Amino acid sequence: MDRERQKKAPIYEALEEFKKKRVVPFDVPGHKRGRGNPELVQLLGEKCVSLDVNSMKPLDNLCHPVSVIREAEELAAEAFGAASAYLMVGGTTSAVQSMILSVVKAGDKIILPRNVHKSVINALVLCGGIPIYVNPEMNQKLGISLGMQVEKVKQAIEDNPDAVAVFVNNPTYYGICSDIKTIVQLAHARGMKVLADEAHGTHLYFGKNLPISAMAAGADMAAVSMHKSGGSLTQSSLLLLNKGVNTDYVRQIINLTQTTSASYLLLSSLDISRRNLALRGEESFAKVVEMAEYARREINSIGGYYAYGKELVNGDSIFDYDVTKLSVYTRDIGLAGIEVYDLLRDEYDIQIEFGDISNILAYISIGDRIQDIERLVGALDDIERLYKKDSSGLLSGEYISPKVVMSPQKAFYSEKVSVPVEASSGRVCAEFVMCYPPGIPILAPGEMITDDVVQYILYAKKKGCSMQGTEDPAVDHLMVLANI
């Protein structure tokens, strides 16, 4: 990586030059640098609103970049060790879906773990791909799904030689990493592409002694959430490509769904954040690791909680662990993770990333400070002392192995009827049901609803999890196939 070249931020620099010219706007957006919406200026500030501009020749165009955006993408590719990179303004959802739509066509098989983000299965609804699930092992105590075991991936490849791709989480929301390098070797030996969801893995490209990144492992494509651990604005992301991928075709796929009115606030935040990580990422993420490990030790010293880390690594279903993830098991104090999440927010003014049935996740990144860590630890200590109760009767587990009856696309577009959740067991689901975050479906279209699934949905609702994906906003009813 050329550090001198990485000091450039072409989109940001072009915006600065544009602002100096005081151009009179007779284009969109209609707020005209904020003059038409003073409340927006008051909220966001004059400089921010004045840079909310439309594509024009001096600022390039994301759909067909030829100047500053193209240069910014080339700098991003170099910084991340990729052959090509695309700036994405539809979040990593857009990047994940573009990966899949670039490789998977109607009827094509894709090998993947079931604990994927909803954007993956949404992409299969769009393209008509057929999921071949490599069901992950569970850690029964923590109630979390683990990584893809190499032997199971190998078996899936042998059983489905016509599959076109293998999809890998690198890492999972909880920090679990599969042996992606070996998976790449197995897939490539059979002519299959490897796609990686690195929504929670930006730091893997810059930190030291962290799990291997998808590009370094030889994966063909990776979706990277710069706005999570990388410091850019929410909804900004990157799609990385390795050698051997048709970049022009991928651009066409991206343009099928991505906006033609890209936000320059998002684009410039990607540009500036890439520069920051390229120049200071190693130092920044060393501090993140230090803070996360400190928090882990302090939380474990409280008693009752379990902030897990590298000790989970077994070389197989947990090939590696991302220590920047501060995942904490809470059930031993008699509280579901979502209950601790609610207490932290409502009683201590601390907003963590999410709580599920058994765990919480506090997301630590380049913007955190040690005093914030201390406040979190103190609050957890308080909660253990004030709210601890008997843990009997708490449900365990965030993943239930599904029985797939038909493809997500066929189920989603089939005739469907609404039934009460309590009466849905034995029917085939025609929509998504999930807790968000983390956005891993409890049910996806085409999957059989079981008694265990019904129990889980009702329990998650009772505990206060944010349920999404259903037509019914209250999640009292589910859409199921009418004729099955």
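Proline 171 sits in the loop between strand 6 (165–169) and strand 7 (176–177). In this predicted model, a cis peptide bond joins asparagine 170 and proline 171. Its omega is about -5°. Most peptide bonds are trans. A cis bond also joins valine 28 and proline 29, with omega about 5°. Proline 29 lies in the loop between helix 2 and helix 3 (38–44).

Stay in that loop for a moment. Arginine 33 also lies between helix 2 and helix 3. Arginine 33 is not a glycine, yet it has a positive phi of about 60°. Most residues other than glycine have a negative phi. Is arginine 33 buried or exposed? Its relative accessibility is 13%, so arginine 33 counts as buried; the cut-off is under 20%.

Now move along to aspartate 60. This residue is in the loop between helix 4 (46–50) and helix 5 (68–80). Aspartate 60 has a positive phi too, about 70°, although it is not a glycine. Its relative accessible area is 5%, so aspartate 60 is buried.

Step back to the whole chain. It has 17 helices and 20 strands. The radius of gyration is 23 Å, and the globule rule gives 23 Å for 484 residues, so the chain is as compact as a globular protein of that length. Along the principal axes, the C-alpha atoms fill a box of roughly 65 × 55 × 45 Å. How much of the chain is buried? Buried residues make up 57% of the 484 residues. Then look at the contacts with a separation of 6 or more. Of these, 72% are between residues 24 or more positions apart.

Valine 89 and threonine 259 are 170 residues apart along the chain, and their C-alpha atoms are separated by 7.8 Å. Where is valine 89? It is in the loop between strand 1 (84–88) and helix 6 (91–103). With a relative accessible area of 4%, valine 89 is buried. Set aside its neighbours within four places in sequence. Valine 89 is then in contact with Leu62, Gln235, Gln258, Thr259, Ala262, Ser263, Leu266 and Leu267.

Next come the helices. Two packed helices are described by the angle between their axes and the distance between the axes. Take helix 2 (residues 10–20) and helix 13 (residues 264–302). They pack at an angle of about 125°, and their axes are 7 Å apart. That angle makes helix 2 oblique to helix 13. Which residues make the contact? Helix 2 supplies Pro10, Ile11, Tyr12, Glu13 and Leu15. Helix 13 supplies Tyr264, Leu267, Ser268, Asp271, Ile272, Arg274 and Arg275. By class, this contact has seven nonpolar, one polar and four charged residues.

Not counting residues up to four places away in sequence, serine 268 touches Ile11, Tyr12 and Leu15. Its relative accessible area is 9%, so serine 268 is buried.

The axes of helix 14 (residues 337–348) and helix 15 (residues 370–387) come within 11 Å. They cross at roughly 110°. That makes helix 14 roughly perpendicular to helix 15. From helix 14, Val340, Leu343, Leu344, Glu347 and Tyr348 take part. They meet Arg375, Leu376, Ala379, Leu380, Asp382, Ile383, Leu386 and Tyr387 in helix 15. What classes are present? The contact has 10 nonpolar, no polar and three charged residues.

Finish with a residue in a strand. Serine 327 is found in strand 13 (residues 325–329). Its relative accessibility is 0%, so serine 327 counts as buried. What does its side chain lie 3.3 Å from? A polar atom of that side chain is 3.3 Å from the backbone oxygen of tyrosine 174. Tyr174 is also among the contacts of serine 327 once neighbours within four places in sequence are left aside.

Conventions: Residues are numbered from 1 along each chain as its sequence is written. This is a predicted model: local features need pLDDT of at least 70, side-chain atom pairs count only at pLDDT 80 or more; totals for chains, interfaces and linings use all residues. Side-chain values use heavy atoms; hydrogens and water are left out. Axes are lines fitted to C-alpha atoms, for helices over the stretch in contact, and angles run from 0 to 180 degrees between N-to-C directions. Helices (H or I, at least four residues) and strands (E, at least two) are DSSP runs, numbered from the N terminus. Angles under 35 degrees count as roughly parallel, over 145 as roughly antiparallel, 65 to 115 as roughly perpendicular and the rest as oblique. Contact means heavy atoms within 4.5 Å. Ala, Val, Leu, Ile, Met, Phe, Trp, Tyr, Cys and Pro count as nonpolar, Asp, Glu, Lys and Arg as charged, and the others, Gly among them, as polar. Buried means under 20% relative accessible area, exposed over 50%, partly exposed in between (1.4 Å probe, protein chains only). A polar contact is a pair of N or O atoms within 3.5 Å; within protein, one must be able to donate a hydrogen and the other to accept it, and residues adjacent in sequence count only if both atoms are side-chain atoms. The radius of gyration is taken over C-alpha atoms; the globule rule is 2.2 Å times the number of residues to the power 0.38.
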